[in-house]
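User: I'd like to go through this fold with you, one question at a time. Can you bring it up?

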Amino acid sequence: MRLRHKPWADDYMDDNSHIVIRSPFEWKDRWNEAFDKDQPLHLEIGSGKGQFIAGMGKQHPDINFIGIERVKSVIVGALKKVLDAETENVRLINEDAQDLRDLFAPNEVDHIYLNFSDPWPKSRHEKRRLTFHTFLEQYEDVLKPGGELTLKTDNRGLFEYSLASFSQFGMVLEEVSLDLHELEDSLNVPTEYEEKFSAKGQPIYRCKARFKD
Ligand code: SAH
């Protein structure tokens, strides 16, 4: 079954517009009003089928989470996970995160997660990597001073590139792990890709980096 041809995807999102926010640009600078509680806001860019964002929502009721995913046939999977998790603190946005400054005001966000982002290995596609400096500039603008970014990937090339890009941008590397699962971090919420790649025996890389205050 090819979900992308399912016309019900729009209906499903419309019926659950308290979770998939349908006109997200209108919420800029008042995202706290889209949630039941006014509390810190964490974003995941490219949330895929939502295992991470739903799991994080459940694990951290004192944080509001937004997952941004551009592919409609994929985000409906995330919507189902969020509904199944019965967690009140997760919202989804079906948009391409071209420029986060269109969606969020300066200082509106506390933490950004990039999980298994497309690696764009060809150097002519460097600009598309979500850790290219133009993206870091946007993240810095929407994050609070000293805001953090967490990256997880199985892709060594993207990982090394991102570490260099963070450093060149003046960010502070707070954690660099070349084998996340060896750390036995009980709070780690695995993503779909993470489970798939670690089942194949591939190490998962994680980096936490902070923008300067
Ligand atoms: N985070 C998930 C999915 C990883 S695949 C996991 O770890 O399992 C990368 C996802 O990011 C894809 O679903 C892709 O559609 C989405 N994506 C890539 N660039 C994006 C962008 N600019 N805006 C929104 N979603 C994006």
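Analyst: Contact here means heavy atoms within 4.5 Å. This is a predicted model, where local features need pLDDT of at least 70, side-chain atom pairs count only at pLDDT 80 or more, and totals for chains, interfaces and linings use all residues. Residues are numbered from 1 along each chain as its sequence is written, and side-chain values use heavy atoms, leaving out hydrogens and water.

User: Which residues does H42 touch, not counting those up to four places away in sequence?

Analyst: H42 sits in strand β1, residues 41-45; strands are DSSP E runs of at least two residues, helices H or I runs of at least four, numbered from the N terminus. Leaving out residues up to four places away, its contacts are I63, N64, F65, I66, D110, H111 and Y113.

User: Is H42 buried or exposed?

Analyst: Buried means under 20% relative accessible area, exposed over 50%, partly exposed in between (1.4 Å probe, protein chains only). H42 has a relative accessible area of 9%, so it counts as buried.

User: What is the strand order in the open sheet?

Analyst: Two strands pair if DSSP finds at least two bridges between them. The sheet has 7 strands with mixed pairing, in the order β3-β2-β1-β4-β5-β7-β6.

User: Which are the edge strands?

Analyst: Look for strands that pair on one side only. Those are β3 (90-93) and β6 (172-177).

User: How many bridges join β4 to β5?

Analyst: β4 (residues 109-115) and β5 (residues 143-153) run parallel, and V109 stands opposite L143 in β5. The number of bridges joining β4 to β5 is 6.
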